[in-house]
Every structure is written in C-alpha cells, then in structure tokens.
Amino acid sequence: MPPSRPHIVVEDLRIGWGTRVLMEHVSFEIERGTTLAILGGSGSGKSTLLRYLIGLEQPMAGRIDIDGVGEPHVYRGVPPFGVLFQSGALFSSLTLAENLALPLTTWTGIRGPAVQDFVQAKLGLVGLGAFAGHLPGEISGGMKKRAGIARAMMLEPDLLFFDEPSAGLDPISAVELDHLIVTLSRDLGITIVIVTHELASIFLVADTCIVLDKEAKGIVARGDPQRLRDESAIPFVHNFFTRSSPGAPATREG
Amino acid sequence: MSNMMSVTIRAEADGERARLVPVGAFDLAHASAVVRAVEQAERDLNASGDVDLHLSALERIDGSGAVLLARLVDRLEARGLRTHLIEDRNPHAARLITLYRKRRAEARPQPARTMGTLAQLGSVAAAVPGMVTAALDFLGHATAAVPRAFLSPRSVNWSSVPRLMQTIGADGLPVTSAANLLVGVIIGFLGVSQLERFGAVVYVPELVVIAQFRELGPLVTAIVVAGRSGAGLASELATMQVSEEIDALRSMGFHPVSWLVVPRCLALVATVPLLTWIGDVLALGGGLLATIAITDMTPRAYVLATAEHITATHFLNGMIKTPFLGLIIGLIACGQGLAARGGAAAVGARTTTAVVLAIFGVIVISALFTLLFTLLGI
C-alpha cells in the first residue's frame, strides 16, 4: 500500500508585511489524523502562521498545500477545514444553535429537523447540549470556545485549526478542552493543528510539534514534545519546555 | 453537494429479530438522502423485540451520518426495541455512532425570545424607570466630574483634547461647511422664489442672515456633528465598554466619566461654535450665489445688503446656543457608549440610539432657546 500523502505540506514559506519578514524557510508536513502543536514565545508568529495556513493572508513566497490543494488564500466556497479562533468568534447576535446552523444551511441542502439534529449532536459532543438557545454573551469564555469547536465541526472537516484554545481558561476548563481535542483526534481521526504555549496541553494532545523563535525567524526545533523537552540541546527550546529563563534566580533549597 | 450515490437502509425481518442494513455513503454530502433513508427504514421496520444494525455495507460514514443513525437507534429504543450495533469489520462506524449516542444531550426548552405587541409595550414601559435612573445617574457623574476636573486635574485625560478637537473640528469642517453652504443656497433660492412676487428680492440677504445666524447655522452644524462625531464617540466608548477597557480603567483608579467624557464634551463645546461660525460665513456665500444666479442683483449690492443686516444680536442669538448643542451631543453620545452591554450588536444599537437621541436633543435645545429669545424679545 503506497504511503498516504501528508494532509498539510508547507514548503519554504516566507511571511511578513511590506519589507518586514516575520519568518522564512518554514517547511513542515502534517500527517493525516495527527495533532501538530505550533509552539513558541510571545511574538514568535504562531498565530500569524496559523492565519496563513487557513488562507487569511497570502505568503510572500513558498507553498501551502492542504490535501493536495494549494493557495488556501484563494479558496472559493467552503474551505476543507474548521477553525477555532482564540476568542471563539461566535456571532453575538445569534444563539449557539443559530451559530452552528449557519454553515450547515448556507453550504448544504439540509433543512428542517435534520438541522437541529446535527446542531444538537455537535453541541452534545462538546457538552453544551442544554445551551442551544443561549446567546454568546450569556455563556462563559470556556463555553464559547467549546461552542466555537462545535461550529468548526459542523461541515465534518477532517482538519481543524485551534488558535490558543486554552487561553484565558481556568485549569479545569482547560483540561476538559484538552480531553475534547484528544477525543476529536483519536475517536474521529481528525487532523488537528493547534497553536498554544500551554505546556500541559502540549504534552497531552500533541503527537508532534514545531517550535518557532522570533529571533531565528523560523522553526528552531521539531518533533515529539516529550523528546524535545528531555533531549533538546537548544537552550531556547529547553527553557521553553522547562519553563525556565536564562536569568532566572536559583530556587531555594529545602 | 452530490446526492447521486445510492443511499438506503434495508429493513429485514427474521422472526422476532429484525435487521437494519445501511448501504452506501452516510456522510454530509449525502445527508438529505440519509434522512430520507432513515425515515423510510422506520416505516418499513416491523419488529417487536431485537433490532440488529449491521454496519458492513456502509461505504463511508462521518459525523453527520453517525448522528442520523444514532438518533434512529435512540428512537427505536424509545419504542421499546432492543438495538445492537453489529460492527461487521466496520469498527470506525460503530465507534462514531456510539460516541454520538453517549454524548447526546437534550436541548433545554428555551423561553421564547419573540413577544407580542402588548408584551413589547409592557417590556418598554417596565424598562423606562431603569433608563431614567441610569440617565440621571450618568448626568450626576458628569456634573460631579466638573469640579473634580479643577480639584484633581489628573482625573481628566487632557492630552486627548487636541486630538478630539482635530477629529471633531478640523476633520469635520468639510462636511459642516458643505452642509451650511448648501443651506445658504437653499435659503437664497427659497427667498427669491417667495419674495420676487412682491418685488422684495432686496430683502433676500437679510433673510439669509437672520435664518442662518439665528437658527439654521447652529442647528444644521449640530445635526451634522451629531451624526458624524456623535456616532464615532458612541461607538468608540461602546467598543471600549464591551471589550472591558472601561473596567480596566476603573481597576486602575480612573473614573471613566472624568477620564473619557469630560475631554470629549470639552472638545465638542469648543469646536461646535467654531464650525458654526465658519458655516455661517459659507452660508452667506451660498445665499449670494443663489441670488445672483437667478436675479439681477449684483454681488456688490448683495454684500452691502448683507453687511447692513449682520448684527451682534443675530450673531450672538445663534452662537449662544452652540456650546450647549455641543454639550448635549457629547453627553448623549458618551452616555450611550458607556451604557453598551454585550457584543458587536450592542455597539451598533447604542451608536444608532446615540445619533437619534443627539439629533433630537439638538432640535429640542434649539427650540427652547428660540422660545426663550422670543419671550425675551431679542
């Protein structure tokens, strides 16, 4: 059986604005059904890279292929993926049910009770089945994120992008969200790209990762997160995974 | 999305045990066909005990297909039937259906969000006391901010005043000037058309001066400022409110009314008179253009007649209103902005309300001043 094509191929990507290059020579592949974490410090370009992957910006140079189709910035119609934005990005004037029904009724011929079946099923998947009639302003930040995930899944994509899903969540909500991400990946076989700097999340959900660095303007390390934590000789990577800074004071003994 | 591939559910009976065999692609692309197939299967099924759902003939299944099959199983069990998922070398399908059955949650019935006319009237009436209280509360804070500004100058963001005057005044000058110029033209045309029949075209310059200086200049300028700058100020503060920037200010010890509202009102109080004054001059020019365009009056004659009728009374009559008009625009726009709650929809709603109330407010203020001056005989 021939090896399956990677789900996402990024080749020699250069991104930036005007004469300012944010990162260059960025190349990586994401295998189908795996979870890739994009890591890095603040300002390293994690979320910016995500914007290019989902086609909100056009790169200065390089190639982005999703399932063999290039140039995500010129997609027409429905992109073959779902996105969870950092704040959830739910439409504040629509209820959760209406938010989720919108892509379904816009891009498919599904109408009537089946729409509500699908909406309730996705809300149930993320634990929000009882909140279908609520407006986004009436639910918590963590619930908004889960609703955002449900909406991202409405068109059954096999690829999901998450931008800092745990940001702003309490530890319990964050770990619940992590478990949901693991369920999506392992039970539904969805390829997931997650931008995060939450170490606990990384080790729980990511199969592999790439580490960006602002100074290096690109990827400085890649691979299994635990292996990078334990074996990387790159000081930035080691400090990132062990939450230590170069000038940190020595911890008190005893 | 295509529905060309055949999608069915075979319903077979074997004594007390029945079989349901989904065949084809049970995915989002074929969702409509799957819905029909499920409905047909329920009608065709003739079972009283056990129902086996065989998954071997499924060519493809995703979340959508799994949801519909999961709901089918739920309904069968609700009828008292015992259902069994037969994987038949399709563990992925069994896993999906089980996942959606396990994570199912019933929707809680939500209170209806639409109201009848009577209920809407009642809702509005019930909200009036709260609105009045909130308005008086804001007015109280604004009033208290004035002495605070003198006693504690650091409570006000004075450095924002020049930028605000630039935005409200200088940037708004082309619009207010154009509006007043056109108003002058309109008064000129109107005056000529009505006074010509009495041979009284010579009074058109006086008409333009009186109408523009006393009433239309301040009113038109204020309405344009209310629409342009009132909307901008309301949406700016509303956005700050919904994004918790106002909360952040308060957490740092700033009083939002002092810090934000005072400089904005100050900028409006300073710029609306200036905009009105410039608008008045341009309106005189508009009246001149209109009159000389359609009558024999020479520009020199028009200008001399205008100069003869420009009096301090007419000028001050109008200009005295302008700071108050600026103030009412500022208070309404800022008050509405700070009252925003919710998201983007709230910003839009408060901005719209601010513009409508501000325009109404300037008309009321103008009318009150006109009444006062009439009673005073000036």
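How many residue pairs are in polar contact across the interface of chain B and chain A? The rule finds three, both residues at pLDDT 80 or more. A polar contact here is a pair of N or O atoms within 3.5 Å, where, within protein, one must be able to donate a hydrogen and the other to accept it, and residues adjacent in sequence count only if both atoms are side-chain atoms.

This is a predicted model, so local features need pLDDT of at least 70 and side-chain atom pairs pLDDT 80 or more, while totals for chains, interfaces and linings use all residues. Residues are numbered from 1 along each chain as its sequence is written, chains are lettered from A in the order written, and side-chain values use heavy atoms, with hydrogens and water left out.

**View 1. Where chain B meets chain A.** Here 26 residues of chain B are in contact with 30 of chain A (heavy atoms within 4.5 Å).

View 2. Helices α1 (31-44), α2 (63-78), α3 (91-102) and α13 of chain B each supply at least two residues to the side touching chain A (helices are DSSP runs of H or I, at least four residues, numbered from the N terminus). That side splits into 13 nonpolar, six polar and seven charged residues (Asp, Glu, Lys and Arg are charged; Ala, Val, Leu, Ile, Met, Phe, Trp, Tyr, Cys and Pro nonpolar; the others, Gly among them, polar).

**View 3. Who lines the largest pocket.** α4(B) gives the largest share of the lining, 11 residues. By type, the lining has 21 nonpolar, eight polar and five charged residues (a pocket is an open set of points on a 1 Å grid over the protein atoms alone, where a 1.4 Å probe fits, with protein on both sides within 12 Å along at least five of seven lines; lining residues have an atom within 4 Å of a point).
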